[in-house]
Amino acid sequence: MTTSKKWTYSSGGFPQCLHQTTYTAPAPAALKPTEIQVRTHAFAINPVDVQAMNLRHDTTALIPWPLSAFVPAGLNSSSQSESEACCDFSGTILHVGSAVSSSNAFEPGDEVFGFTMAPSNGHGTAGEVLTLDTAPGSNVAVAKKPKSWDHTHAAAVPLVYLTARVCIDSVQAYMGQDKDKRGSAGEGTGNAAKWLVVLGGSSSTGASTIQIAKARGWKVLATCSGRNVDFVKQQLGADDVIDYTAAQDSVPAEVLRRLRSLGGLAAPESGGDAVVIVDCVGGTECLDHAELGPKILRYVTIVGDKTDRTSMGGPAIYWKHPNMLRRWFWGKLGWGVHYDCVILDARKDWLEEAGRTLSKDEIVIDSIFKFDELPKALEKMVGGQVRGKLVGTIA
Ligand SMILES: NC(=O)c1ccc[n+]([C@@H]2O[C@H](COP(=O)([O-])OP(=O)(O)OC[C@H]3O[C@@H](n4cnc5c(N)ncnc54)[C@H](OP(=O)(O)O)[C@@H]3O)[C@@H](O)[C@H]2O)c1
């Protein structure tokens, strides 16, 4: 039996929690009917990888006060078990379980790319051989890799595309161009947005959201720092960009000023203003702004009210931030903004859609690192100066 290498983490928080471990992958005969075994060629890293390591160190981070006070100190650090790191991969199928060929049409030798929700299902992708359960509900999505993509580009796609796709689905009923598809939450508001505002347009998820929105013909106003303005405008195709490092005013005031000058706000007689925002940064600056806040019809965030990059965000923090819960609840009752903090959806059909619609040139990679360099790559990502994905290769 040959041994393989993988990156795992225990308690202690990033970076000291991270280790390289050896393991023996299950024998083909031991695979469950719905499992596949994959030789990994590339894996990508995401902010959630570091966030999961820090959460493992302190699970009280998601428990609201005063309940958190009842969790004994050191509860998490006592656990000896290792968790596996990273969620995105691209590779070649080595073996399939007995039910896989008929249910998924995968065979040994197929080149595939995909995603696994490592923080919750325990199966990370930073390892030489992956064993993944493709059964529905396993939070795994795998699709055949398009021939025109190499493994490095394929590994860069899943998590950000599956997240951006949820964001687009969550706002489309509120966009003027998609008025016919308006869902129940948007019904009766009498207005629809002319522009989509993307906060954090240069982030990987923001970039993917802009690409999908532009493919649908939507007008997009995005925020980013000065170094990324050309990238967001010229490469991603945003119609207008706010450089938040140079704006004379606050981001929300600048969003309002731009939308007004671009004709992006509806006249009051047509039902009033309707601003729709996808937030890939986090925080409440736009929601709390006295003038912009009341004009926001729909606000979809993938982060929530927190703004740091190293603690867990997304719907997991609703209970930690009562204002998020209150905003969401009032929105459901039809008061104020229609607010949702969303999480990606592990859908195979969306990976296949990405394969059909994205060219290799549209997949943005910041840099490529070797398997052994994962800690350095994670440090770089935490620094926040990346543009596109950091992808690890396995020789
Ligand atoms: N809910 C979900 O399912 C889900 C899924 C994916 C990601 N997320 C979360 O979404 C966020 C973005 O993820 P990502 O992978 O797209 O990020 P990313 O690609 O790592 O974003 C990097 C960009 O973010 C900007 N940035 C860096 N530090 C920042 C800071 N302190 N405040 C604001 N902007 C900063 C920088 O662009 P500029 O210099 O141009 O500002 C940087 O180029 C993360 O918090 C992540 O955990 C949630």
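This is a predicted model: local features need pLDDT of at least 70, side-chain atom pairs count only at pLDDT 80 or more; totals for chains, interfaces and linings use all residues.
Lys-360 has a relative accessibility of 33%, so it counts as partly exposed. The side chain of Lys-360 meets that of Asp-150 in a salt bridge, with 3.5 Å from N to O. Lys-360 sits in the loop between helix H11 (348–357) and strand E15 (365–370), while Asp-150 sits in the loop between strand E8 (140–144) and helix H4 (151–155), so the bridge ties together parts 210 residues apart in sequence. Asp-150, at 30% relative accessibility, is also classed as partly exposed.

This pair is one of 21 salt bridges in the structure. Side chains of opposite charge can pair when their charged atoms come close. Another such pair is Lys-6 and Glu-84, whose closest N and O atoms are 2.9 Å apart. Here the partners belong to strands: Lys-6 to E1 (residues 4–9) and Glu-84 to E4 (residues 83–84), so the contact ties together parts that are 78 residues apart in sequence. Lys-6 has a relative accessible area of 16% and is therefore buried, since buried means under 20%.

Glu-254 and Arg-257 meet at 2.8 Å, N to O. Both lie in helix H8 (residues 251–261), and because they are three residues apart, about one helical turn separates them. Glu-254 is buried, with a relative accessible area of 5%, whereas Arg-257 is partly exposed at 47%. The two also take part in a network of salt bridges that links Lys-233, Asp-240, Glu-254, Arg-257 and Arg-258.

With neighbours within four places in sequence left aside, Leu-374 is in contact with Trp-7, Leu-18, Phe-43, Ile-45, Cys-86, Ala-126 and Phe-369.

Nonpolar residues also occur on the surface. Phe-329, Trp-330, Leu-333 and Trp-335 form a patch there, with about 460 Å² of accessible area together. Phe-329 belongs to helix H10 (residues 322–332). Its relative accessibility is 45%, so Phe-329 counts as partly exposed.

Terms used
Residues are numbered from 1 along each chain as its sequence is written. Side-chain values use heavy atoms; hydrogens and water are left out. Patches are made of residues with over 30% relative accessible area and no salt bridge: like charges are joined within 9 Å, nonpolar side chains (Val, Leu, Ile, Met, Phe, Trp, Tyr) within 5 Å. Accessible areas come from the Shrake-Rupley method with a 1.4 Å probe; for residues, only the protein chains shown count as cover. A salt bridge is a side-chain nitrogen of Lys or Arg within 4 Å of a carboxyl oxygen of Asp or Glu. Helices (H or I, at least four residues) and strands (E, at least two) are DSSP runs, numbered from the N terminus. Buried means under 20% relative accessible area, exposed over 50%, partly exposed in between (1.4 Å probe, protein chains only). Contact means heavy atoms within 4.5 Å.
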